[in-house]
Amino acid sequence: MTAGSRIGVFGSSFNPPTLGHEVLLAEAGWRLNLERTIIVPTGEAWHKATVGSPAGSVRMALAEAAFGPVKGLEVSASEVERDGPSYTCDTLEEIQSLNPDSQIFFLAGSDVALGVGGWHRPERVLELAKFAVAPRSDVARQAVTDVFESLGASNRLEFFEMPRIGISSTLVRERIASNRPWKHLVPHEVAEMIDNEDLYGS
């Protein structure tokens, strides 16, 4: 990597990847002038149960199907392959060690950013990466700003605008479970994989 490059990091369970994820990644890449974005499927989430969810290797494959072919995006298996709970801090330290001269932007929705104070070693997370946050209509922007101010990290927060896309992984899973249309909510390759491997009882 060249010195001073700008790298995005986007972590999620991708359970499954949706068009909402695609839009966020594309908008962030453009608005933040990112050279590349590293997509990190969560391994063993420390903060919520993953009972009934596809294994990390399956969600990794779904993310690869969705984002692998897209220029400027790369999918990392670092959390899926790491033993024990997945901590963003560990992931960012690994990325920073491989790209010591780069500026790292952790991409998140405002709902995720709102909870950063409760993360494992939040001060270290904010030292390693600047948060690039996509606002959501159900979370006040000021509420996110207040969280970062309370952590003494106002300068580590940047909002970026994106079209409001009301598509979530939860919505897709609910649609599949209730036998309602869902394939238009995910990338084509993801829909094929869900069907072919009978994921989510599809």
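## Starting at the tail end

Asp198 sits in the segment that comes after helix H9. Its phi is positive, about 50°, even though Asp198 is not a glycine. Keep in mind that what you're looking at is a predicted model.

Most residues other than glycine have a negative phi, and most peptide bonds are trans. Asn33 is another exception on the phi side: its value is near 55°, and Asn33 isn't a glycine either. You'll find Asn33 in the loop between H1 and S2. With a relative accessible area of 55%, Asn33 is exposed, because anything over 50% gets that label.

For the peptide bond exception, look at the step from Asn15 to Pro16, which is cis with omega near 0°. Pro16 belongs to the loop between S1 and H1.

In soluble globular proteins, nonpolar side chains tend to be buried together. Here the largest nonpolar core has 34 residues, and the members that touch the most others are Phe67, Leu107, Phe160 and Ile194. Several elements each put in at least two residues, namely H1, helix H2 (56-67), strand S4 (73-75), strand S6 (103-109), strand S7 (130-134), helix H8 (169-177) and helix H9 (188-196). H2 has the largest share of this core, with six residues.

Take Phe160 as a case. Leaving out residues up to four places away in sequence, Phe160 touches Leu24, Glu27, Ala28, Arg31, Leu32, Ala132, Val133, Ala134 and Pro135. There's also a second, separate core of 25 residues, and Val125, Val139, Val147 and Phe148 are among them.

Now over to helix H4, residues 88-98, where Cys89, Thr91, Leu92 and Ile95 are the buried residues. They sit on the same side of H4, because they cover an arc of only 160° around the axis. An α-helix has 3.6 residues a turn, so residues three or four places apart point the same way.

What do the buried residues of H4 pack against? Their partners are strand S1 (6-12), S2, helix H3 (78-81), S6 and helix H6 (122-128).

Thr37 is part of strand S2. At 2% relative accessibility, Thr37 counts as buried. Setting aside neighbours within four places in sequence, Thr37 is in contact with Gly8, Val9, Phe10, Leu25, Gly72, Leu73, Glu74 and Leu107.

Ala26, in helix H1, is partly exposed, with a relative accessibility of 49%. Ala26 and Glu44 are 18 residues apart along the chain, and their C-alpha atoms are separated by 27 Å.

## The second largest pocket

Rolling a probe the size of a water molecule over the atoms shows where empty space is left. The second largest pocket holds about 170 Å³ of space. Its lining is made of 13 residues, with Leu25, Val70, Lys71, Gly72 and Leu73 lying nearest the centre.

Which elements supply at least two residues each of that lining? They are helix H1 (19-31) and strand S2 (36-41), and H1 gives the most, with four residues. By type, the lining splits into six nonpolar, three polar and four charged residues.

Terms used:
Residues are numbered from 1 along each chain as its sequence is written. This is a predicted model: local features need pLDDT of at least 70, side-chain atom pairs count only at pLDDT 80 or more; totals for chains, interfaces and linings use all residues. Side-chain values use heavy atoms; hydrogens and water are left out. On a 1 Å grid over the protein atoms alone, a cavity is a set of points where a 1.4 Å probe fits but cannot get out, and a pocket is an open set with protein on both sides within 12 Å along at least five of seven lines; lining residues have an atom within 4 Å of a point. Grid points are joined across faces, edges and corners, and a volume is the space filled by probe spheres set on the points. Ala, Val, Leu, Ile, Met, Phe, Trp, Tyr, Cys and Pro count as nonpolar, Asp, Glu, Lys and Arg as charged, and the others, Gly among them, as polar. A nonpolar core is a set of buried Ala, Val, Leu, Ile, Met, Phe, Trp, Tyr and Cys residues joined through side-chain atoms within 4.5 Å. Buried means under 20% relative accessible area, exposed over 50%, partly exposed in between (1.4 Å probe, protein chains only). Contact means heavy atoms within 4.5 Å. The arc is that of the directions from the helix axis to the C-beta atoms.
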